[in-house]
Amino acid sequence: MAFTGGEWLRILFEISTIHYTPAPLYLPREYFVLTDAGKPVFISRPGGGDEDGMASTIGIIQALISVFLDDNDKLRSINAGRTRITFLLRPPLYYACASSWGEPESVTRSHLEYLHLQILSIVTGTQLKRIFERRTNFDLRRLLSGAEPFMNSLLARLETDMAMSMSSLHCLKMEPNLRKRIAEYLVPNPKMKDMLYIIMIANNRVVTLIRPRKHSIHPADLHIILNTLHSPSIYNSPANASWIPVCLPKFNPAGFVNAYITFLRKDDAVPLQDIGGGELELIRNWCNSVINKLSSDGTLKALVNAYQHNETDYSVSELGIPGLRHFIYKSRTQVQITLPNFEDPYDQVHARKRITTLYQTLHDSIHAKSGQDAGLKLQYIRTDTESVMGWITQPFELYVALSPLLPKSAAVGAANAVARWVKREEARLFLKDAPVF
């Protein structure tokens, strides 16, 4: 989709400007998980804090939530200056996040939702309900012992991972014929009746995903899988393969699937999801045969070479669009995003957090996620450091970042040019027509 000459003036008038002040500092957010009886489950805050102080904080959170529940109401958030405390109630668990980043309420709420899903991946919703029906003061930390690295790595990814923010897959940029060849090797043997997904990951992005004909993976479940396989206990394991039970809450919150995870290299992983247990030996032998085929005909070498020669990434400068600093493009039909590397001026952590928060603010406003009356097609923010614009259409949504010195018309022109470039490159940028079984 592109703007014609006659549309430019109308489009410029349609752009809605959001007034926004970036945070001077992006201090670590604080997260709290507790039971509805006030028992602490998980806490993430700088320095950890002393136990007495934590007990007092947990007690205050539980009391605040209870006051509203007694009035048949739910506490959503508390604003105190630049700090917002967001609450999420998923009985028997309560969640809270304190943040001064200036992001919309929907962003920290989605973080708490992901935190809940990560806990459910370890202890299913059915198990939680049964446990707390029997013992309302149960200490859940006993069951989650050893799970802190999973939750900490999840929260670290949530800081700047826009695929998670936009409920999308982020696919590896690569030649479509190479992607197709890899996918054909990963179609499961007909004897493997209980297979759910076969996923190849490289550099934390999806190379290909094979699934049943009548079932698609939910992005949230994929992010739980990605977070699980890149957790230190699995990624740093000396074993060549791991076989672990994991609950995929969007697929089935009441049960576990078995995930067979094997690393071709430490930059690549092929996790296999097998419902109902399956035969470990059958899956291991099949996986080994796939790896042998990928290696023997040079397919794996071609993938590794593409990665080592930076062909799987791209720079915003390759588009040749004046003033464009960065962008995120989401294909709404494919539920996938693509974005260039974070380069100058976004190569430093503080700047990357700032631009991520701006993107999230636009995304929230376009989709009216924080109580707005309605979303708007075009949203614009100008700060002292950059101007950003969000644009949504039926097939895609797009977020662009430019110099703050450029006019709105430059943002519109840049967005138009990015949309045309992605259309030309979509076969390399997105996973399309993957095999099903």
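User: Before anything else, how is the radius of gyration taken here, and what is the globule rule?
Analyst: The radius of gyration is taken over C-alpha atoms, and the globule rule is 2.2 Å times the number of residues to the power 0.38. Keep in mind that this is a predicted model.

User: What does that rule give for this chain, and what radius of gyration does the chain have?
Analyst: For 437 residues the rule puts a compact globule near 22 Å. The chain comes out at 23 Å, which agrees.

User: What about the spans along the principal axes?
Analyst: The C-alpha trace covers about 65 × 65 × 35 Å.

User: How many helices and strands?
Analyst: There are 13 helices and 17 strands in the chain.

User: How much of the chain is buried?
Analyst: Buried residues are 51% of the 437. On the contact side, take pairs with a separation of 6 or more: 65% of those contacts are between residues 24 or more positions apart.

User: And the surface, how big is it and what share is carbon and sulfur?
Analyst: The accessible surface is about 19600 Å², and carbon and sulfur atoms hold 50% of that.

User: How many salt bridges come out of that?
Analyst: The structure has 15 salt bridges.

User: Start with E105. What does its side chain pair with?
Analyst: E105 pairs with R76, at 3.1 Å from N to O. E105 belongs to helix α3 (residues 105-120), while R76 sits in the loop between α2 (51-70) and β4 (77-80), so the bridge ties together parts 29 residues apart in sequence.

User: Are those two buried or exposed?
Analyst: E105 has a relative accessibility of 16%, so it counts as buried. R76 is partly exposed, at 45%.

User: OK. What does R205 bridge to?
Analyst: R205 bridges to D313, and their closest N and O atoms are 2.8 Å apart. This pair links distant parts of the chain: R205 is in strand β9 (residues 205-210), D313 is in the loop between α11 (299-308) and β13 (324-331), and 108 residues separate them. Both R205 and D313 are buried.

User: Which residues are joined into one network by shared partners?
Analyst: R76, E105 and R109 are joined by salt bridges that share partners.

User: What does R141 pair with?
Analyst: R141 forms a salt bridge with D139, with 3.1 Å between the closest N and O atoms. R141 has 41% relative accessibility and counts as partly exposed.

User: What is the phi of A368?
Analyst: A368 has a positive phi of about 50 degrees, although it is not a glycine. A368 is in the loop between α12 and β15 (378-382), and at 23% relative accessible area it is partly exposed.

User: And D433, what is its phi and where does it lie?
Analyst: D433 is not a glycine either, and its phi is positive at about 60 degrees. D433 lies in the segment after α13 (408-429). With 77% relative accessibility, D433 counts as exposed.

User: Back to α12. Where is S365, and what does it touch?
Analyst: S365 is in helix α12 (residues 349-366). Leaving out residues up to four places away in sequence, S365 touches I18, Q372, G375, L376 and Q379. S365 is buried, at 12% relative accessibility.

Notes
Residues numbered from 1 in each chain as written. Predicted model: local features only at pLDDT ≥ 70, side-chain atom pairs only at ≥ 80, totals over all residues. Heavy atoms only, no water. Helix = DSSP H or I, 4+ residues; strand = E, 2+ residues; numbered from the N terminus. Buried < 20%, exposed > 50% of the residue type's maximum accessible area, 1.4 Å probe, protein only. Contact = heavy atoms within 4.5 Å. Areas by Shrake-Rupley, 256 points an atom, 1.4 Å probe, with all protein chains shown as cover. Salt bridge = Lys/Arg side-chain N within 4 Å of Asp/Glu carboxyl O.
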